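Walk me through this fold. Start with the sheet, then move to the helices and the cores.

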Amino acid sequence: MCLAQVCKSPINYTGNKYRILPQFIKCFPKNVNKCVDLFTGGATVAINLIAEEIIAIDNNPKVINLLMFLKKQDYSTLINKIDTLIEKYGLSNSYKYGYSYYRQYVEGNNGLKKYNFEGYNRLKNDYNKLKDKKTDKANLYLYLLMVYAFNNDIRFNSKGEFNLPVGKTDMNKNNREKLKKYIDICKEKKIEFVCKDFKKIDIKDLKEVEFVYADPPYIITDAVYNENAGWNEKEERELLNLLDKLNKKGIKFALSNVLQKKKLNIKNEILYNWLEKNKDKYFINEIEYHYRSASYNKKNRDGLEEEVLITNYKVEE
């Protein structure tokens with residue numbers, strides 16, 4: 001696989017790999033026909049993979065439905081619908097009117113938060129009232145909520161309600177370009193989105209798959225996806241067991257993870273032990289972009305930095 005230019009996903013999802021993706025891509029195998037992005041999230045990695053067929057899997061139905069909804073859209077038609085909704089809810093449109101038009105509503109470092117506060121909350125309430133969250137209308141509302149939400153993120157409470165407060169930005173030029181590029185890429189590439197838990201994947205169903213990329217929730221982090229034990233030791237071991245099965249079948253894999261947090265003196269002991277057990281099979285590749293280098297072969301393993309990419313193959317120079 002090679003990468004001419006890294007493309008941003010229109011969905012800003014927790015843990016996305018946009019900043020360090022060029023380093024990962026260099027480590028991925030070349031000339032792949034069929035590959036799997038096992039924890040696709042906002043599909044940042046999936047849309048940048050170069051393969052004949054890409055399968056993007058995630059267990060979050062709302063995110064997968066949104067990705068599939070955006071994939072099938074005609075950009076011009078979709079953007080007209082978005083602009084109509086922006087007008088309906090009285091939200092800012094800096095792309096159309098310019099940021100200076102809203103200057104009087106900007107306070108300190110809060111951007112367009114004050115201007116959009118009321119309209120955003122009406123949009124959020126209307127979305128949460130929808131009984132069927134799989135419809136095109138629901139996905140359109142969800143996308144717009146994400147754009148105007150805090151940190152342009154997606155988050156739901158235990159009741160399944162979107163619960164982020166309003167953010168600082170709007171449907172600006174950057175968000176429009178990301179959306180258009182995503183739609184274009186999905187038309188150019190053969191990408192299939194699947195809502196499925198990795199634990200339900202049968203190794204027999206991966207016969208034609210040549211490469212699997214796994215970016216699971218990190219067990220030693222306190223990200224949103226780890227609230228209420230969203231990812232635990234049992235799941236960590238089950239994933240490593242799946243990777244062992246892939247290796248036995250001759251399927252190449254790459255695993256993103258965090259081995260330790262030096263400042264907090266926290267280690268992922270499960271991952272450490274797994275690597276020690278398989279030190280002749282698996283390799284850790286250096287990540288230098290916004291992260292310090294890491295090498296499992298160092299005499300002092302405490303020198304490992306947070307982000308690592310583990311493969312069951314030696315990376316081509």
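Two strands pair if DSSP finds at least two bridges between them. Helices (H or I, at least four residues) and strands (E, at least two) are DSSP runs, numbered from the N terminus. Strand β8 (residues 283–285) meets that pairing test with β9: three bridges join them, and they run antiparallel. Within this pair, Phe-283 has Thr-311 of β9 as its bridge partner.

This is a predicted model, in which local features need pLDDT of at least 70, side-chain atom pairs count only at pLDDT 80 or more, and totals for chains, interfaces and linings use all residues. Residues are numbered from 1 along each chain as its sequence is written, and side-chain values use heavy atoms, with hydrogens and water left out.

The chain has nine helices and nine strands. Of its 317 residues, 51% count as buried, meaning under 20% relative accessible area; exposed is over 50% and partly exposed lies in between (1.4 Å probe, protein chains only). Contact means heavy atoms within 4.5 Å. Among contacts between residues at least 6 apart in sequence, 69% join residues at least 24 apart.

Now the sheet. Seven strands form an open sheet in the order β3-β2-β1-β4-β5-β9-β8, with mixed pairing. Its edge strands are β3 (191–195) and β8, and each pairs on one side only. The twist averages 20 degrees from one strand to the next. Axes are lines fitted to C-alpha atoms, for helices over the stretch in contact, and angles run from 0 to 180 degrees between N-to-C directions.

Strand β1 (residues 34–37) and strand β2 (residues 53–58) run parallel, joined by four bridges. There, Lys-34 has Glu-53 in β2 as its bridge partner. Strand β5 (residues 252–258) runs antiparallel to β9, with five bridges between them. Ser-256 stands opposite Leu-309 in β9.

How much of β9 (residues 307–311) is buried? Five of its five residues are, so β9 is largely enclosed by the rest of the structure. Both faces are covered: Glu-307, Leu-309 and Thr-311 are buried on one side, Val-308 and Ile-310 on the other.

Helix α8 (residues 233–248) touches β4 (211–214) and β5, and its direction makes about 155 degrees with that of β5. Helix α9 (residues 269–277) lies across β5, β8 and β9, running at about 145 degrees to β5.

Next, a helix pair. The axes of α2 (residues 61–71) and α6 (residues 136–148) come within 10 Å and cross at roughly 100 degrees. That makes α2 roughly perpendicular to α6; the class covers 65 to 115 degrees, while under 35 is roughly parallel, over 145 roughly antiparallel and the rest oblique. Lys-62, Asn-65, Leu-66, Phe-69 and Leu-70 in α2 meet Asp-136, Asn-139, Leu-140, Leu-142 and Tyr-143 in α6.

Finally, the cores. A nonpolar core is a set of buried Ala, Val, Leu, Ile, Met, Phe, Trp, Tyr and Cys residues joined through side-chain atoms within 4.5 Å. The largest has 68 residues; Phe-28, Ile-82, Phe-162 and Leu-179 have the most contacts inside it. Helix α6 gives the most to this core, with 10 residues. A second, separate core of 31 residues includes Phe-39, Ile-55, Leu-275 and Val-308. Leaving aside neighbours within four places in sequence, Phe-162 is in contact with residues including Tyr-120, Leu-142, Met-146 and Phe-156.
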